[in-house]
Amino acid sequence: MRLVQLRTANGPRVAVVESRDQLRLLDFPGGTYELASRAIELGIGLSALIEQHYSHTLVDYKQAIDRQELLPPVTHPDRARCTVTGTGLTHLGSADTRDAMHAAAQAQSEDDANVTDSMRMFRMGLEGGKPAAGQVGAQPEWFYKGDGSIVVAPETAISVPAFAEDAGEEPELVGLYLNDANGQPHRIGYAVGNEFSDHITERANYLWLAHSKLRACSYGPELLIGELPQHLEGTSRITREGQTLWEKPFLTGEANMAHSLANLEHHHFKYAQFRAPGDLHVHFFGTATLSFADQIKVQEGDRFEIELPAFGRALRNPVAFESHDNQAEQPSAMAVL
């Protein structure tokens, strides 16, 4: 089952994807957050609750896109209570991409004394990222990206900060979670995501990884409910003036990862501050495919398209560059109380 969340005059509403062209609205007052909260309260599965609220109202999917009615498939009513995070070096091949970014700064060899920290962490994942049931595996690389204010709806422009050195896509699988009243996380489902990073800043020094991640992101348009396939094949592309500028396949799903999803989830939610009742969590699971690795530099108006057939329609976002006029970089701009 796949869901979308639509913007309406009465607030967000959930619709079930019946086909590529047709959506069926739910007869439920609220969006996905409210729907998931209700399922938790009733102690039933989300799919079961959805089936109780089918309506007779159909929506043309393309018209909803053209009218810019698509929202991210799950949002929190209070953006400050949505935490966006992620893990890196999780996919087979991801270390090669990262290692190549730092190769100029540090010579590579099989001697552990000369191997980058990125490669060491990746090897830790290979050796211990998929622990047996009941066991704790190796910790992944982890980063904080922002709160709900950085989330951009599908078909909406991703904004590039004026101070950014790069504007690069990262096609990823996203897990979406809601904490119940007792602080127990519940996985709502999965979506396709564009984590969007500044790879030039990241390449300059791995200690700047955190700075490179504090950017907008997007996920959706569809939310996959239920079991996730072990193997997923997708396509990441950039279009310019209607023509494909760059395109590359990517793989995700546990069969293509060094870590199990359960291990990544454990190492995120083991921290008490991430188990606050009622909070929503958006977690990016990493990638191994970047246009940056192929020396692609996007321009104003280019569009990212990230497609995983198992998730329905592609996630599409044009790129918009912020003006330097709004850049808060001068110390004199600081107000003093």
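The legends below describe several close-up views of a predicted model.

In this predicted model, local features need pLDDT of at least 70 and side-chain atom pairs count only at pLDDT 80 or more, while totals for chains, interfaces and linings use all residues. Residues are numbered from 1 along each chain as its sequence is written, and side-chain values use heavy atoms, with hydrogens and water left out.

View 1. His281 lies in strand β16, residues 280–284; helices (H or I, at least four residues) and strands (E, at least two) are DSSP runs, numbered from the N terminus. With a relative accessibility of 1%, His281 counts as buried (buried means under 20% relative accessible area, exposed over 50%, partly exposed in between, with a 1.4 Å probe and protein chains only). The side chain of His281 has a polar contact with the side chain of His268 at 3.0 Å, and it also reaches the backbone oxygen of Phe274 at 3.0 Å. A polar contact is a pair of N or O atoms within 3.5 Å; within protein, one must be able to donate a hydrogen and the other to accept it, and residues adjacent in sequence count only if both atoms are side-chain atoms. Apart from neighbours within four places in sequence, the residues in contact with His281 include Thr83, Gly175, Tyr177 and Asn179, where contact means heavy atoms within 4.5 Å.

**View 2. The aromatic cluster of Trp142, Tyr271 and Phe274.** These three residues form one aromatic cluster, and the structure holds four aromatic pairs. The ring centres of Tyr271 and Phe274 are 6.2 Å apart and the ring planes stand at 80°, so this pair is edge-to-face. Rings of Phe, Tyr and Trp (its six-membered ring) pair if their centres lie within 6.5 Å; planes under 30 degrees apart count as stacked, over 60 as edge-to-face and the rest as tilted. Phe274 is buried, at 12% relative accessible area, whereas Tyr271 is partly exposed, at 36%.

View 3. Most residues other than glycine have a negative phi, and most peptide bonds are trans. Phe196, in the loop between β11 (185–194) and α6 (199–204), has a positive phi of about 60°. Gln295, in the loop between β16 and β17 (303–307), likewise has a positive phi, near 60°. Phe196 is buried, at 1% relative accessibility, while Gln295 is exposed, with a relative accessible area of 66%. The peptide bond from Gly220 to Pro221 is cis, with omega near 0°, and Pro221 belongs to the loop between β12 (217–219) and β13 (223–224).

**View 4. The largest pocket.** The volume of the largest pocket is about 450 Å³. Of its 22 lining residues, Arg187, Ile188, Gly189, Tyr190 and Gly226 are the closest to its centre. On a 1 Å grid over the protein atoms alone, a pocket is an open set of points where a 1.4 Å probe fits, with protein on both sides within 12 Å along at least five of seven lines; lining residues have an atom within 4 Å of a point. Grid points are joined across faces, edges and corners, and a volume is the space filled by probe spheres set on the points. Strand β11 provides the largest share of the lining, five residues.
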